[in-house]
Amino acid sequence: MKIRILIIAFIIGFFGNAYSQDEVQFEAKASKQKLGVNERLRIEFSMNKDGDNFVPPSFEGFRVEMGPNQSVSHSWVNGKRSFSKSYSYIISPISKGNFTINQAKVEIDGSTYKTFPIKIEVTGAVSDPNAPPSADEIAGENLHLVAEVSDASPYLNEAVSVVYKLYVSPSINVSNFVPKANPTYNNFWSQDIKVKRYNVENGLYNGKQYRFVVLKRVVLYPQKTGSLEIEPLSLDVTVDVPTNRRDVFGGRLFTQTHKTVTAGQRKLNVRPLPTKGKPDGFTGAVGQFDFDVITSKSDLKANESLSAKIKVSGKGNLKLISLPKLTLPSSLEVYEPEHEESVSTNLSGMSGEISDNYTIVPQYKGKYPIPGVAFSYFDPKEEAYKTITSQQSVINVYEGPTSASVANATNDNADSSTLNKQPVSTIGDQFRYIKLDADFVSKKANVFFGSILYYILLLAPLLLIPIAILIGKKRAAMAGDVVGNRVRKANKLAKKYLSEAKRNLGNKEAFYESLERALHNYLRAKLKLVTSEFSKEKISELLLSKSVDEQVVNEFIALLKSCELARYSPSTIAEMQSDYNKAAEVISLIDKQFRS
């Protein structure tokens, strides 16, 4: 009886051991499930059988600091063989909250295995007085993005400059930065002032010596009164933080971390323009201006033309104001004015001149008064309204037909408003540019039947038959050339989307904006995506699922990143041409490899 029990126990143990050896295990382990936002987390994916095609999770909400580190071990214990293979990562949280590390996947013996999701709770920063400050803490203390506003309480339509500066302590280095959120300046008329190159300067921040670089400059003209918000600028900055370790030559080693810095939200208290003393003809001009009405000539003949220019020059919101209208006697023929602008913008605002040019043609002999024109503006420095009135002038038409109403109007007491529109009188040579005498040439009718043209048209269809056959064969050959058609279609598609970018070569901001728009439009048409789905991870996943090579996808994503970075870094025409050629090549490759 005992022998039978021993035999049964042996059989059960043997098969149980064999089953345990054959059972596949694939699991994920985290070093902790609750940590501070300034701490790191180690997560390991291990398997007891060798597998292929390991796919890690996306680690959404975390930044991968190290990994993957692969480890493989074989061991024999009491004659039993054991195998272990693992992939480990060191990750750090981006912000506080509850996050989930999703499933990892691996293929073992032709089957796909997945790990269970792991929930992680991220709390506020954990203080450890005995531990040295982390790289994130050092970067946070030595890196600051500041928005400097020239005037926090401007008047309506008064210029305000905003300068964004990145302050960096001498104890750290910045290797790269990428904009995460750009302000939109709602309720403002805005004008960007290009920063052609980043010049490093020295300055004080909170009483300490820093290096700083000007990233962005913009001039704003508020269009509403009251409290207006300027949205913050946000950057993702790559920071090199020194450590206490040294290399073999004694040089200090650096560790790299990412830090998000924000300029902070700024508010402007926009004051309304005072109502006391506001002139009736005020049209919203704010600044310091000069005003004049200039005529090209004062003496001329009837039916000759002269020009009258209403000009405003100075410093202020020149592009946002309306010029006063020129009032003339009705006996003068006046054409719609031609508007001209010569305005430049710097940190102090707009300066230059704007003008309306009127073309005037008198029809009758006489003297025509041009009354003075008034222009009103508000001077924010003196906080007062000012009005400039041009001098009255007279146009003397010394030769031409005379109208009774014009003759009466030339009297000293005559009012220009009494002049009525008179019909245009006909002068002998007024229409001399029109040829009134026609020279007719008699021609004999040609006989078409039997002529050379008749035989050409008769034989032409017979000659076109072999040409049509050749063209048909050529088209059939081209239709059968699948690879060639795909290449031609891809090249045509690339030229279509990149035509705007090519026109902007040499203009850095316009070029990279149009290049980025071309890449997005191509994706929108190819992948049927909406703008809200334009994340780089989503784009990579969809392109890979359409049989596009991973290298081509990586080049496409690198181009998108280059467009984002190029707005804040200097670029040469050669670099822009290189990015254009690369974009055309990548679009062609994607279109040839794409499988719908």
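## Pocket, strands and confidence

Let's start with the largest pocket: its lining splits into 15 nonpolar, 10 polar and 10 charged residues. Keep in mind that this is a predicted model. The space in that pocket comes to about 1600 Å³. In total 35 residues line the largest pocket, and S58, K536, E537, S540 and K561 are the ones that lie nearest its centre.

Where does the lining come from? Helix α8 gives the largest share, with seven residues. The elements supplying at least two residues each include the strands β5 (62-77), β13 (173-181), β18 (234-246) and β19 (252-262), plus the helices α7 (536-545) and α8 (550-566).

| Residue | Strand | Relative accessible area |
|---|---|---|
| V270 | β20 (residues 266-270) | 2% |
| S86 | β6 (residues 80-93) | 9% |

Why does V270 count as buried? Its relative accessible area is 2%, and buried means under 20%, so V270 qualifies. Setting aside neighbours within four places in sequence, V270 touches P154, Y155 and L156, as well as P222, K224, T225, G226 and L228. Take L228 from that list: it sits 42 residues from V270 in sequence, yet the two C-alpha atoms are 7.1 Å apart in space.

S86 makes the same cut-off, because its relative accessibility is 9% and the limit is under 20%. With neighbours within four places in sequence left out, the contacts of S86 are E44, F45 and S46, along with N69, Q70 and S71.

Which strand does β27 pair with? β27 runs antiparallel to β30 (residues 393-399), and five bridges join the two. One of the residues involved is G366, whose bridge partner in β30 is V397.

Finally, a word on confidence. The protein chain has an average pLDDT of 81, and 82% of the residues score at least 70. Residues 14-21 fall below 50, and beyond near neighbours in sequence this stretch has three contacts in the model. Over residues 406-433 the pLDDT also stays under 50, and there the model has 39 contacts beyond four places in sequence.

How values were computed:
Residues are numbered from 1 along each chain as its sequence is written. This is a predicted model: local features need pLDDT of at least 70, side-chain atom pairs count only at pLDDT 80 or more; totals for chains, interfaces and linings use all residues. Side-chain values use heavy atoms; hydrogens and water are left out. Helices (H or I, at least four residues) and strands (E, at least two) are DSSP runs, numbered from the N terminus. Buried means under 20% relative accessible area, exposed over 50%, partly exposed in between (1.4 Å probe, protein chains only). Contact means heavy atoms within 4.5 Å. Two strands pair if DSSP finds at least two bridges between them. pLDDT is the predictor's confidence in each residue, from 0 to 100. On a 1 Å grid over the protein atoms alone, a cavity is a set of points where a 1.4 Å probe fits but cannot get out, and a pocket is an open set with protein on both sides within 12 Å along at least five of seven lines; lining residues have an atom within 4 Å of a point. Grid points are joined across faces, edges and corners, and a volume is the space filled by probe spheres set on the points. Ala, Val, Leu, Ile, Met, Phe, Trp, Tyr, Cys and Pro count as nonpolar, Asp, Glu, Lys and Arg as charged, and the others, Gly among them, as polar.
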